[in-house]
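Please read this report alongside the sequence and the coordinates.

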Amino acid sequence: MEKSTYYDIIERYLPELVLSIVETLNEKHTRELSYLFKQRLNPVYSPDGRWSSITGAYTRVAADVVALDSELPIKSRDSLETASGKIPKLGMKLWLGEEELKRIDSMIRSGRPIAQVVSAIFRDLPRVIEGVWERIEDIFLSALSTGIGLSERNNGTGIRVNMGYLTANKFGVSVLWATSATATPIDDIQKVFDKSVADQNVITDIWMDDFALNNFYKSKQVREQYAFGQNFVGDNIPTLGFDQAAETIRKKWAGVTLHRVARSIKTELNSKKQDHNPWQQGMVVFTCNETLGDLVWTDCVEASRPVAGVAYTTVGNDTATVTGGENTAGVDEYILTSQYRKNDPWREFTSSQAMVIPIINDVDQIYTLDSKTVQA
């Protein structure tokens with residue numbers, strides 16, 4: 001790595017530009033595809049580079065009624081299970097080749113507006129920041145739907161994190177939901193609620209992908225449940241939409257909120273781009289908490305051992321720090337970007353790296369229902 005040809009421009013504009021990029025990306029994803037991990041995970045810094053999740057098999061047991069002067073019976077203590085592991089490194093790198101660099105040099109020589117020059121130099125910065133977010137969302141959605149966090153179509157070492165979902169909280173269906181005339185989604189969901197009541201857990205949210213939702217909309221039993229809630233009399237009940245389905249669930253199970261999970265992740269493997277859906281098709285997930293876990297992160301190595309001449313910045317809502325051989329990066333942000341050059345051939349690189357992993361907690365309060373699997 002060597003100092004960028006445009007280091008002076010990078011040093012001047014990088015901090016404020018990163019803040020602007022993050023604000024723009026957040027606004028974009030608020031309008032379009034949101035990041036569920038940003039809404040449902042709590043960022044947690046790990047000083048030792050490891051993550052851990054503790055599951056407690058907690059139960060409420062009523063106190064005994066005993067006669068005066070009698071000894072109190074001893075109750076069994078609840079069990080604890082701990083899952084842990086090392087935080088993996090995520091990263092992305094893009095470069096500008098000689099043709100792009102010649103165009104930038106020509107813009108500078110001809111006195112083009114500095115905004116145009118800055119836009120050309122930093123054109124890859126949004127992509128490397130967004131790329132880390134996309135991979136976190138990829139792992140989180142696969143973890144939430146199955147209990148196993150995976151990094152699909154990955155050029156480096158793959159990630160596989162077992163969140164420890166309880167077998168007792170995994171359900172199938174009586175009849176495949178795709179069989180709309182005979183499927184019984186209401187009865188299937190009720191089984192999950194019965195288990196949650198026995199566990200003394202209160203389900204607040206249900207998450208479905210489009211495969212499960214479309215079958216839910218068409219189900220004869222679901223349509224009849226909706227009609228009953230509307231005091232509708234007759235057999236000509238149309239296929240429902242999301243709002244009607246959400247209302248049906250909200251009325252049937254006292255205010256429970258239905259969520260649609262429709263998210264594809266674009267990956268590039270061996271120079272081939274492809275979309276995939278990290279949510280397991282047909283899986284229905286039931287959760288009991290607003291916050292579902294932690295986004296556990298630690299410092300990248302270069303945060304404390306910067307390469308001389310390389311421009312670094314941390315990515316966050318309110319901090320961005322550029323360094324050139326002296327580490328002034330904060331410890332409260334998990335994405336570290338850098339810009340530098342290499343020769344033979346001459347290239348200007350923009351990269352991002354992060355040591356971060358989404359972890360789901362309180363898995364004893366999460367239930368899954370596979371609408372594509374019949375439970376014996």
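Predicted model: local features only at pLDDT ≥ 70, side-chain atom pairs only at ≥ 80, totals over all residues.

Residues are numbered from 1 along each chain as its sequence is written, and side-chain values use heavy atoms, with hydrogens and water left out.

**Overall make-up**

The protein has 10 helices and 17 strands, where helices (H or I, at least four residues) and strands (E, at least two) are DSSP runs numbered from the N terminus. Of its 376 residues, 47% are buried, a term for under 20% relative accessible area, with exposed meaning over 50% and partly exposed in between (1.4 Å probe, protein chains only). The exposed surface comes to about 19500 Å², of which carbon and sulfur atoms supply 49%; the areas come from the Shrake-Rupley method with a 1.4 Å probe, and for residues only the protein chains shown count as cover. Among contacts (heavy atoms within 4.5 Å) between residues at least 6 apart in sequence, 74% join residues at least 24 apart.

**Helix packing**

| Pair | Angle | Axis distance |
|---|---|---|
| α8 (residues 220-229) and α9 (residues 242-252) | about 70° | 10 Å |
| α6 (residues 185-198) and α8 | roughly 85° | within 7 Å |

Angles under 35 degrees count as roughly parallel, over 145 as roughly antiparallel, 65 to 115 as roughly perpendicular and the rest as oblique, so α6 is roughly perpendicular to α8. Pro-185, Ile-186 and Asp-187 of α6 make this contact with Gln-221, Val-222 and Gln-225 of α8. Towards α9, the α8 residues Val-222, Gln-225, Tyr-226 and Gly-229 meet Gln-244, Glu-247, Thr-248, Lys-251 and Lys-252.

**Single residues**

Ile-148 lies in strand β5 (residues 148-150) and counts as buried because its relative accessibility is 17%. Leaving aside neighbours within four places in sequence, Ile-148 is in contact with Ser-142, Ala-143, Arg-160, Val-161 and Asn-162. Its C-alpha lies 7.9 Å from that of Gly-164, which is 16 residues away in sequence.

Cys-288, at 11% relative accessibility, counts as buried, and Cys-300 likewise counts as buried at 5%. With a disulfide taken as a pair of cysteine sulfur atoms within 2.5 Å, the count of disulfides is zero.

Methods:
Axes fitted to C-alpha atoms, helices over the stretch in contact; angles between N-to-C directions.
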